[in-house]
Amino acid sequence: MADHSSHDPLAGLRFDRVPPSGTYGADGEPGVTVTIPETPFIALVVARNGFAESVTGRLGRAFGLEVADRTGAAIGAAATVVGTGPGRFLVLSKTEPDLAGTLRALLGSEAAVSEQDDAYVTFDLAGEKTPDLLAKGALIDIDPRVFLPGDAATTVIAHIGVTLWRVDEATWRLLVARSLEASFTRFLIASGAAFGLRLENGTAGRG
Amino acid sequence: MSATNRNRLSAGGLIDRNQTRGFSFDGTRHRGYAGDTLASALLANGVRLVGRSFKYHRPRGIFSAGAEEPNALVELRTGARREPNTRATVTELYDGLEATSQNRWPSLALDALSLNRFLAPFLGAGFYYKTFMWPAAFWEKVYEPIIRRAAGLGRAALEEDPDHYEKATAFCDVLVIGAGPAGLMAALTAARSGARVILADEDFLPGGGLNAEAGDVDRQPAPAFAAGIAAELASLPNVRVMTRTSVFGVYDGGTYGALERVSDHLAVPAPFQPRQRLWRIVARRAVLAAGATERPIVFGGNDRPGVMLAGAVGTYVQRHAVLPGRNIALFANNDGAWRDMLAAQAAGAHVETIVDVRAEVAPELIAAAQAKGIRVLKGAQVIATHGRTLRSLEVATASGTERIAADTLAVSGGWSPCVHLTCHHGGKPAWNEDIAAFVPGTCPPGLSVAGAAKGILGLGACLRDGAETGAESARALGFTVPAHEVPEVADAAFALTPFWHVEGSKGAAFVDLQNDVTAKDVGIAHKEGFRSVELLKRYTTLGMATDQGRTSNVTGLAIMASLTGASIPETGTTIFRPPYTPVSMGALAGHHRGKDFRPVRLTPTHEWARAQGAVFIETGAWLRAQYFPRAGEKDWLETVTREVTAVRASVGLIDVSTFGKIDLQGRDVGAFLDRVYINGFAALAVGKARYGVMLREDGLVMDDGTTARLSPEHYVMTTTTANAAKVFQHLEFCLQVLWPELDVALSSISEQWAQIAIAGPRARDVLARVADGDVSNAALPFMGAVEGTVMDGVKARLFRLSFSGELGFEIAVPARHGAALAQALMQAGETFGITPYGIEALGVMRIEKGHVSGSELSGQTTAGDLGFGRMASTKKDYIGRTMAARPGLADPDRPAFVGFRPVDLSRRLRAGAHFLNRGAAPETANDQGYMTSVAYSPHLGHWIGLGLITRGPERLGERVRAYDPVRGEEIEVEICAPGFIDPEGVRLRG
């Protein structure tokens with residue numbers, strides 16, 4: 001891994017490419033670790049007119065989760081269901097390759113399902129300084145005493161649309177539009193350099 | 001090194017004598033201590049002359065000890081970090097600090113432009129408006145440069161700022177603004193209730209006035225008491241103490257702007273630390289405990305270095321252990337200033353004389369002063385000052401005029417509460433006779449005021465009020481506030497007799513030191529008819545610039561009030577707007593500068609296009625391939641011409657992933673599309689796509705694009721790149737608000753699918769080698785849309801569409817396969833010489849074909865203007881239909897869409913040129929429309945254009961003039977049909 005330890009953590013990096021894996025900014029134990037894992041399978045479920053409740057129930061039963069029609073994340077082994085708006089759910093799974101197909105079979109004409117596997121890049125943020133880093137871009141209250149595990153939001157960070165939820169005490173997961181991966185990573189590095197930031201890009205070289 | 005710290009007391013103060021700080025001022029090296037400001041360190045080293053005034057270049061010294069400083073503005077740092085107009089009074093001293101005086105030439109001591117003061121009779125109020133009027137041609141070329149040189153306020157750095165800045169957001173229950181006695185107590189009581197508290201203070205040391213207080217609080221020195229509370233607050237997990245942070249504005253919804261000076265107290269920021277951080281603090285409640293600012297008395301020579309606010313004298317003595325002078329006199333109208341002087345005397349200062357305008361002063365004060373050997377002159381006024389820096393005063397007493405030696409004159413005209421933030425929602429301060437000052441009026445929602453900021457004078461009262469206001473704020477939010485103890489401090493009686501201006505004093509008497517506005521200027525403004533304080537401010541500049549009249553506003557309007565015979569409350573005060581203190585542009589930009597100014601969207605084939613040598617261009621947020629130059633090509637036109645020729649002759653490809661893509665599912669999609677497009681969609685067959693035009697509610701064209709029906713209840717819409725988000729938002733609005741009964745579910749799939757267009761006579765041959773299924777004309781006819789696979793099983797959507805006028809297809813694959821698809825197409829097309837092309841070639845081909853694009857979909861054109869009139873259905877209603885029938889939009893004389901070719905085919909056309917009939921004068925009344933798009937057509941071998949001209953379609957063959965005053969060109973053009981190539985569409989359907 002490269003060590004990018006000049007005063008400007010973005011010095012020498014192309015603005016139109018996702019920065020490489022490495023440690024950026026302050027020396028010592030990184031305050032934030034950013035992992036860009038292989039993207040899970042993702043589908044968007046939009047309940048058709050009058051079926052929000054039914055769809056919510058079916059999703060919960062199918063994946064063994066407590067799913068509610070609210071902006072929250074129901075996290076389980078088989079899948080994660082994130083409410084992003086009334087009757088709208090992002091479903092993520094590491095194990096269902098044809099997730100959209102599975103959901104179509106499950107929900108039939110009660111919901112519109114679309115593949116979103118390639119629409120998002122996943123950022124997993126962990127480390128003590130994660131809330132401080134997010135506060136440099138997010139305009140919502142991400143104080144860890146307020147934004148609890150399972151809470152979710154679809155919001156804007158550094159002018160970039162983001163759906164984020166808190167996975168557990170230490171980990172925050174963010175979904176960012178694929179086309180904005182480079183810009184968003186640059187924001188993370190610029191804002192996390194003060195704490196020391198480790199970037200582990202599991203998809204480097206893609207596209 | 002100069003005689004260091006010769007004015008420093010040997011003991012006391014909140015400085016660390018073991019930590020010296022070397023610094024330089026105008027090249028001379030000095031030494032101060034940790035805990036000093038630049039101002040206190042300069043005074044400690046006997047530097048009294050620190051700058052020249054704005055207009056008259058008069059010598060100026062340090063006037064205050066805080067953010068209100070009007071005089072001591074210096075350039076801080078050098079090179080790329082040079083920063084003008086920095087207030088020495090709030091600049092924390094650091095090792096290696098370099099400061100330079102500003103607004104002087106050639107040197108601070110000898111300033112050539114100080115001759116301006118002899119021109120003062122001509123430079124008075126409104127002189128800009130009176131002097132620099134004629135001739136108008138001189139405004140920019142002569143007057144402005146002269147004024148800028150003469151009336152500068154320092155020089156900004158010319159190099160790029162090497163530091164970085166950031167922005168952050170914080171939420172809290174109670175925001176406390178100011179960490180003085182009231183603020184500390186407010187934060188403490190709120191914090192003990194468990195509320196989330198932010199305490200922000202602009203100083204580097206919490207405590208505010210406590211740090212300059214000589215007495216004890218809670219049986220310990222006042223600064224130690226402050227430090228104790230600050231330490232308790234810092235130890236609580238629900239409290240964030242932000243020092244070096246100025247809350248500068250109150251915005252909507254309990255949002256406060258604050259600037260944290262993270263690294264301003266360092267020569268260079270620590271590695272990876274920002275210079276400053278802009279905070280957006282969202283607070284359910286806030287307590288303003290910003291204190292009060294002392295104001296001076298206006299008299300002749302009141303700007304001489306050595307004249308200083310009395311409270312500032314107290315601060316320098318108590319907090320910094322610095323004697324501002326050897327021989328101090330006081331000129332005041334209130335008891336508080338007396339106490340400051342008595343305390344300073346006790347700390348080691350020499351106060352020789354007290355001049356008070358009042359005939360009667362409390363006997364105990366007089367006794368205390370006399371006991372210390374201080375001479376008291378009651379009912380007296382300072383009428384003049386003398387010396388380069390202050391040497392002596394002239395004082396008028398009942399028994400005549402006398403001259404008194406003094407090198408420092410402490411002045412106090414009373415205190416003005418810092419009500420600024422209370423006015424940011426339009427609240428007007430109210431006049432309080434008891435303290436002769438404006439106090440907060442209606443405050444922004446959720447904001448309470450505590451302590452001196454609300455007009456409470458007296459330390460004990462401020463502590464009590466702070467504690468109670470903090471408790472109330474927490475209680476209002478439902479927190480239980482434990483009982484709190486407030487230390488008892490006996491407050492001495494406060495007495496003040498309003499007094500503003502020594503009339504009949506000698507020499508210029510300054511109201512606003514920063515802007516060189518004198519009492520006489522206020523008089524001139526009055527004589528010329530200016531009565532309103534807002535106009536007084538604009539006309540005289542009183543209260544403008546970095547200090548925003550902290551020390552001058554009230555005095556200025558008091559003088560105006562006495563001239564008009566109105567009371568001060570009748571005269572009113574100017575309103576305070578954000579920001580409370582200057583905020584640097586860097587902090588407002590934060591991370592978003594240079595290439596990070598805004599996010600950049602990259603297409604799925606970005607790296608592939610780079611490898612192909614693409615030149616990129618920003619189109620909205622997207623970075624797209626503009627063209628793909630090859631070695632030996634002399635300019636972009638040659639490259640683009642090659643690309644267009646190659647497509648028309650064989651085949652080319654372009655990434656069109658940037659189009660908006662919207663997935664629509666449901667029973668009612670057909671009906672929905674009928675309502676949002678002008679043309680019919682209900683009858684669209686499965687497997688087919690249709691071009692559609694959407695109007696805004698006002699009848700103007702919003703966007704165009706194609707929508708394909710993939711299955712009976714599943715459609716996919718494309719929008720233009722520019723309008724992708726807007727169209728989605730529009731459709732959501734229609735479904736959520738206008739027709740919630742329709743069964744239509746929308747999903748954005750723009751990011752999911754990479755989409756590549758291939759075009760040219762060989763396009764089908766190339767596609768056939770990549771697609772897994774049949775792509776013959778029968779299987780995929782013109783405007784066909786099918787789902788299938790490509791590249792051995794990659795899910796794909798194939799559309800037979802054309803923007804170029806050639807046989808064309810668009811292939812959508814999941815985004816991760818975008819680059820692979822481009823490579824596969826290149827390989828498949830190798831034998832045909834397949835050519836990647838950019839958006840320039842795309843633009844040329846659409847102009848040749850006569851398709852509208854962004855330049856025509858300008859938000860000012862109707863469907864009729866663009867030639868879609870006949871496409872608009874008359875059998876259904878749709879958004880915009882009614883409004884499009886308004887006479888102005890249905891006027892047959894409106895400029896309408898046609899093509900143009902130069903009469904002399906060797907001439908170049910220019911987009912933006914306006915059309916004039918032959919013989920018509922080039923004036924607006926004769927404007928016939930304008931050229932929207934132009935291109936060099938490789939197909940025709942000359943320039944062609946598209947544009948909007950009055951009754952265009954009726955005028956084919958007519959010649960008009962294309963008039964381009966911007967480039968100084970005018971050429972004759974012929975109106976023609978907008979399709980320059982294959983108007984019958986044979987190629988498309990081939």
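Reader: Why is Thr541(B) called buried?
Author: Thr541(B) has 21 C-beta neighbours inside 10 Å. A residue is buried if 20 or more other C-beta atoms lie within 10 Å of its own, exposed if 12 or fewer, and partly exposed in between, with C-beta atoms placed from the backbone. Therefore Thr541(B) counts as buried.

Reader: What kind of model is this, and how are things numbered?
Author: This is a predicted model: local features need pLDDT of at least 70, side-chain atom pairs count only at pLDDT 80 or more, and totals for chains, interfaces and linings use all residues. Residues are numbered from 1 along each chain as its sequence is written, while chains are lettered from A and ligands numbered from 1 in the order in which they are written.

Reader: Where is Thr541(B) found, and what is its phi?
Author: Thr541(B) is in the loop between α11 (533–540) and α12 (553–564) of chain B. Its phi is near 70°, a positive value in a residue other than glycine. Helices (H or I, at least four residues) and strands (E, at least two) are DSSP runs, numbered from the N terminus.

Reader: Is Arg219(B) buried or exposed, and how do you know?
Author: Arg219(B) has 8 other C-beta atoms within 10 Å. The exposed class takes 12 or fewer, so Arg219(B) is exposed. Arg219(B) lies in the loop between β10 (216–217) and β11 (220–221) of chain B. Phi there is near 60°, again positive in a residue other than glycine.

Reader: What makes the bond between Pro578(B) and Pro579(B) worth a remark?
Author: That peptide bond is cis, with omega about -5°. Pro579(B) sits in the loop between α13 (568–571) and α14 (585–589) of chain B.

Reader: How much of chain B is buried, and what does chain B contain?
Author: Buried residues make up 55% of its 990 residues. Chain B has 24 helices and 50 strands. Its C-alpha trace spans about 115 × 70 × 55 Å along the principal axes.

Reader: How many residues of chains A and B count as being in contact?
Author: Two residues are in contact if their C-beta atoms, placed from the backbone, lie within 7 Å. The contact takes 41 residues from chain A and 37 residues from chain B. On the side of chain A, β4 (41–47), β8 (111–115) and α4 (181–192) each give two or more residues. α4(A) gives the most, with six residues.

Reader: What classes of residue make up that side of chain A?
Author: It has 19 nonpolar, 10 polar and 12 charged residues. Ala, Val, Leu, Ile, Met, Phe, Trp, Tyr, Cys and Pro count as nonpolar, Asp, Glu, Lys and Arg as charged, and the others, Gly among them, as polar.

Reader: Which domains does chain A have?
Author: Chain A has domain 1 (2–37 + 119–201) and domain 2 (41–115). Such bounds come from an automatic or database domain assignment. The C-alpha centres of domain 1 of chain A and domain 2 of chain A lie 26 Å apart. Their contact takes nine residues from domain 1 of chain A and nine residues from domain 2 of chain A.

Reader: What makes β5(A) and β6(A) a pair?
Author: Two strands pair if DSSP finds at least two bridges between them. Strand β5 (residues 73–75) of chain A and strand β6 (residues 80–85) of chain A have three bridges, in the antiparallel sense. Therefore they pair. Ala74(A) has Val81(A) as its bridge partner in β6(A). A hairpin joins β5(A) to β6(A) through four residues.

Reader: Which strand else pairs with β6(A), and over how many bridges?
Author: Strand β7 (residues 88–93) of chain A does, antiparallel, over five bridges. Val91(A) in β7(A) is the bridge partner of Val81(A). The hairpin of β6(A) and β7(A) has two residues between the strands, and Gly87(A) takes a positive phi near 70°.

Reader: Where does UniProt place "domain: Aminomethyltransferase C-terminal"?
Author: The unreviewed UniProt entry places that feature at residues 897–982 of chain B. UniProt positions are given in the numbering used here, feature names are shortened, and annotations may be inferred rather than shown by experiment. Residues 897–982 of chain B are 0% helix and 48% strand, with end C-alpha atoms 18 Å apart.
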